[in-house]
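Welcome! Here is a short tour for anyone meeting this structure for the first time. Please have a look at the sequence and the model before reading on.

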Amino acid sequence: MAALDFKCDDCGEKFFEIVNSYNRDKVVCPKCQSKNVRQVFEGKCQTGGSSKGGSGCGGSCGTCGGCH
């Protein structure tokens, strides 16, 4: 089981669900009940430096260009 981030392509709602790989395609939007959802990748970097002089993105994976 994993907590995955999703976005609804119909209403734009961002949400997360705890699902396993077998149920990922059964996720529905909690706001509009649409099945037109896709997994998005958001969150914090797990590698890289710290705020004390290290290298890395500082927490936003959208700004670092790929630390994974």
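## The nonpolar core

A nonpolar core is a set of buried Ala, Val, Leu, Ile, Met, Phe, Trp, Tyr and Cys residues joined through side-chain atoms within 4.5 Å. Keep in mind that this is a predicted model. Its largest nonpolar core has 8 residues: Leu4, Phe6, Cys8, Phe15, Val19, Val27, Cys29 and Val37. Strand E1, residues 2-8, and strand E2 each supply at least two residues of this core. E1 gives the most, with 3 residues.

Setting aside residues up to four places away in sequence, Phe6 touches Glu13, Lys14, Phe15, Glu17, Arg24, Val27, Val37, Arg38, Gln39 and Val40.

## A nonpolar patch on the surface

Now let us turn to the outside. Met1, Phe16 and Ile18 form a nonpolar patch on the surface, and together they have about 400 Å² of accessible area.

Phe16 belongs to strand E2, which covers residues 14-19. Is Phe16 buried or exposed? Phe16 counts as exposed because its relative accessible area is 52%, and the cut-off for exposed is over 50%.

Next comes strand E3, residues 37-40, where Arg38 lies. Arg38 is partly exposed, since its relative accessible area is 39%, which falls between the 20% and 50% cut-offs.

Which residues does Arg38 touch, not counting those up to four places away in sequence? They are Asp5, Phe6, Lys7 and Asp9. With Asp9 there is also a polar contact between the two side chains, at 2.7 Å. Arg24 sits 14 residues from Arg38 along the chain, and the C-alpha atoms of these two residues are separated by 9.4 Å.

## Ser34 in the loop

Our last stop is Ser34, found in the loop between E2 and E3. Ser34 is buried because its relative accessible area is 10%, and buried means under 20%.

The side chain of Ser34 reaches the backbone nitrogen of Asn36 at 2.9 Å. Beyond its neighbours within four places in sequence, Ser34 is in contact with Cys8, Asp10, Val27, Val28 and Cys29.

Conventions:
Residues numbered from 1 in each chain as written. Predicted model: local features only at pLDDT ≥ 70, side-chain atom pairs only at ≥ 80, totals over all residues. Heavy atoms only, no water. Helix = DSSP H or I, 4+ residues; strand = E, 2+ residues; numbered from the N terminus. Buried < 20%, exposed > 50% of the residue type's maximum accessible area, 1.4 Å probe, protein only. Contact = heavy atoms within 4.5 Å. Polar contact = N/O pair within 3.5 Å; in protein donor to acceptor, adjacent residues only side chain to side chain. Patch = residues over 30% accessible without salt bridge, like charges linked within 9 Å, V, L, I, M, F, W, Y side chains within 5 Å. Areas by Shrake-Rupley, 256 points an atom, 1.4 Å probe, with all protein chains shown as cover. Salt bridge = Lys/Arg side-chain N within 4 Å of Asp/Glu carboxyl O.
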